[in-house]
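Have the model open and follow along.

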Amino acid sequence: MTADVIQLIINSCPEMVTTEYKYDGCLPLHTLCQNTDLGEQSSLDIAKLLVRAHPESVKSRVGEGIMHGICDDEGKLPIHIAEEHKSLEFCKILLSERARLSSVRGVNLLQAAFVCKCSLETVKKLVEEDRELLQMKDEHGHIALHTASSCGSLEVVRYLVEGNEFNLTVSDKKGSLPLHKACWFGELENVEYLMAKNMMTITARNNRNELPIHALSSRSGKREKTLRSVKYGETIFKLLRAYPETVV
């Protein structure tokens, strides 16, 4: 199948690009990401066509379909499937569109990878190809570490801190540190790691005079599952114990 043929199909039946295949719950973009027989250039060209025709598909997860269980990729985003079967260049097409769709202007490929919860391997490849991504700022002044702290895995945050010598006291436009961001979104493993790496950050206040513990204690920005967990209470206690002056 060539890109020209796909373009003809899109022109004739544009609704097909937005329709899940009823048996496995896949959009055409999911199916393309699964295809290991297609050549590299054809894959790239077709991906661009599908993303252009249906940008939101990069944010769509594989549905159940009629025959529930026949698709191993059920619940996955296109980027997660592409990480397993496609090249970095292919993945960058998806991440570039995801960054463009972000509600925050100026998000780069690396930050989009954190938002999509890409693997550490993909993150490393992006950094190795372009280290400038580490320090690029979005409209809120967030660099890679701010974004990773708020939504990335612990292994990704650890890689950024220990493998790239990040300054843990770097602040965004609101004066918030990576620890503030991890606290605000309830990323408890990241909170404990960041405070352990630099205990001085637990006493840092942002422009609204908020300490990290204030951000962690707020219900806003957190999943209900996090708020109900034992670890959530334990992490708040650790911050209090490390800086008891909070309650004075």
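A quick word on angles before we start: axes are lines fitted to C-alpha atoms, for helices over the stretch in contact, and the angles run from 0 to 180 degrees between N-to-C directions. Keep in mind, too, that this is a predicted model.

**The overall picture**

On the helix 4 side the contact uses P78, I79, A82 and E83, and helix 5 brings F90, C91, L94 and L95. By class that comes to seven nonpolar residues, one charged and no polar.

Next up is helix 8, which meets helix 9 (residues 154–164) with axes that come within 9 Å and cross at roughly 155°. Helix 8 and helix 9 are therefore roughly antiparallel as well, and helix 8 passes helix 9 in a left-handed crossing. A144, L145, A148 and S149 of helix 8 touch V156, V157, L160 and V161 of helix 9. The residues of this contact are seven nonpolar, one polar and no charged.

Helix 9 also packs against helix 11 (residues 188–197), with axes that come within 9 Å. Are these two parallel or antiparallel? The crossing angle is roughly 25°, and helix 9 and helix 11 are therefore roughly parallel to each other. The crossing in which helix 9 passes helix 11 is right-handed. Here L154, V157, R158, V161 and E162 in helix 9 meet E189, N190, Y193, L194 and K197 in helix 11. This contact has five nonpolar residues, one polar and four charged.

V157 of helix 9 turns up in the contact with helix 8 and again in the contact with helix 11. V161 is likewise part of the helix 8 contact and of the helix 11 contact.

| Helix pair | Axes come within | Crossing angle |
|---|---|---|
| Helix 8 and helix 9 | 9 Å | roughly 155° |
| Helix 9 and helix 11 | 9 Å | roughly 25° |

The largest pocket holds about 790 Å³. Its lining takes in 31 residues, and the closest to the centre are H142, S150, K181, W184 and F185. Which helices supply at least two residues each to that lining? They are helix 6 (109–115), helix 8 (144–151) and helix 10 (178–184). Helix 8 gives the largest share, four residues. So far as class goes, the lining has nine nonpolar, eleven polar and eleven charged residues.

The second largest pocket has about 470 Å³ of space. It is lined by 19 residues, and I6, M16, P28, T31 and L50 lie nearest its centre. Helix 1 (3–12), helix 2 (28–34) and helix 3 (40–53) are the elements that give two or more residues to this lining. Its residues divide into 14 nonpolar, three polar and two charged.

**Two loop residues to look at**

Finally, a couple of backbone details. K117 has a positive phi of about 55° although it is not a glycine. You'll find K117 in the loop between helix 6 and helix 7 (120–129). N209 is not a glycine either, and its phi is positive at about 65°. N209 lies in the loop between helix 11 and helix 12 (212–217).

Key. Residues numbered from 1 in each chain as written. Predicted model: local features only at pLDDT ≥ 70, side-chain atom pairs only at ≥ 80, totals over all residues. Heavy atoms only, no water. 1 Å grid on protein atoms, 1.4 Å probe; cavity = no way out; pocket = protein on both sides within 12 Å on 5 of 7 lines; lining within 4 Å. Points joined across faces, edges and corners; volume = space filled by probe spheres on them. Nonpolar A, V, L, I, M, F, W, Y, C, P; charged D, E, K, R; others polar. Parallel < 35°, antiparallel > 145°, perpendicular 65-115°, else oblique. Left-handed = near helix turned anticlockwise from the far one by under 90°. Contact = heavy atoms within 4.5 Å.
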